[in-house]
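My entries follow the display.

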Amino acid sequence: MVYQTVLHVVLFVYEQFVAYSIYTLPHYTNESDFENTSYAEYAKDIQWAQTNFYRFYTNWNLMLQYLFVIFLLVEDFLRLTRFFPKLVHDRFSMFNSYVFFSLVFPVCTMVAGTFWALFWYDRELIWPPYADLILPFEMNIMIHGVIFILVVLILVTYRRPLPKLLYSMAVLFMYNGAYGLLTLETFFETGHWVYVFQNKLDLIWNTVSGLPMQLMGFAFLYLGRVLSEAIHGEVVHDKNRFDVQK
């Protein structure tokens, strides 16, 4: 539908704005930038965070959202132009369904939920005051708040069949597992965990904490499915064309 395409274009423009805003943030290249400031003792932590930005789960989520919006625009192009057989559009549409319900919704919900819960409980655990030098508070709202609202808008306008639950869980398990391996690699390579609260825990507890995070991801994955059926009802896809939940 036209309103969906308009929404996807708006989302793409927003993602571009976020990317540009992050790109133009000041980059601190040496510790002398913090001399005679209240942040002097955190100079190494600030430089580490800027150098290793790709190790943060939030940034994985941003890249995931960015790619998914591009996938949505490709799907819109296939639907509106009809240059390709309808089967191509149907398969790509189902691929997007897998990406959204298996990754986009649960990952974004987990990022927003855990970040703001920890932030309001004790921001020192997730984003200490000195980190505002790296990412101002208004940018935090954009990437941890507004982006979640946009994902909910997609859910509301995204009427399509649900992929098989076990397949979705397997995809999310591999995604979070890959990030878990990255956090371990980060520790063994740099001696530094990605998030502040992780540096307060021993290696064994950081490793074990991956289990409740996986369970939380599965819970949000299931929540997305429940909300979709509550909003749109049961959507059935021809099983001869793609294997989906009926």
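I checked the span of helix H5 (residues 137-157) first: its 21 residues reach 29 Å from first C-alpha to last, close to the 30 Å expected at 1.5 Å a residue. The expected span is 1.5 Å times one less than the number of residues. Helices are DSSP runs (H or I, at least four residues), numbered from the N terminus. This is a predicted model, where local features need pLDDT of at least 70, side-chain atom pairs count only at pLDDT 80 or more, and totals for chains, interfaces and linings use all residues. Residues are numbered from 1 along each chain as its sequence is written, and side-chain values use heavy atoms, without hydrogens and water.

I found a kink of about 30 degrees in H5, centred on Val146; the bend is the angle between axes fitted to the seven residues ending there and the seven starting there.

I listed buried residues (under 20% relative accessible area, 1.4 Å probe, protein chains only). In H5 they include Met139, His144, Gly145 and Ile154. The buried residues of H5 pack against helix H1 (2-23), helix H3 (57-81), H4 and helix H8 (210-232).

Beyond four places in sequence, Phe68 is in contact (heavy atoms within 4.5 Å) with Ile154 and Tyr158, among others.

Last, I looked up Ser93, in helix H4 (residues 86-122). Ser93 is buried, at 15% relative accessible area. Leaving aside neighbours within four places in sequence, Ser93 contacts Glu75, Tyr158 and Arg160.

Definitions and conventions:
Helices (H or I, at least four residues) and strands (E, at least two) are DSSP runs, numbered from the N terminus. Buried means under 20% relative accessible area, exposed over 50%, partly exposed in between (1.4 Å probe, protein chains only).
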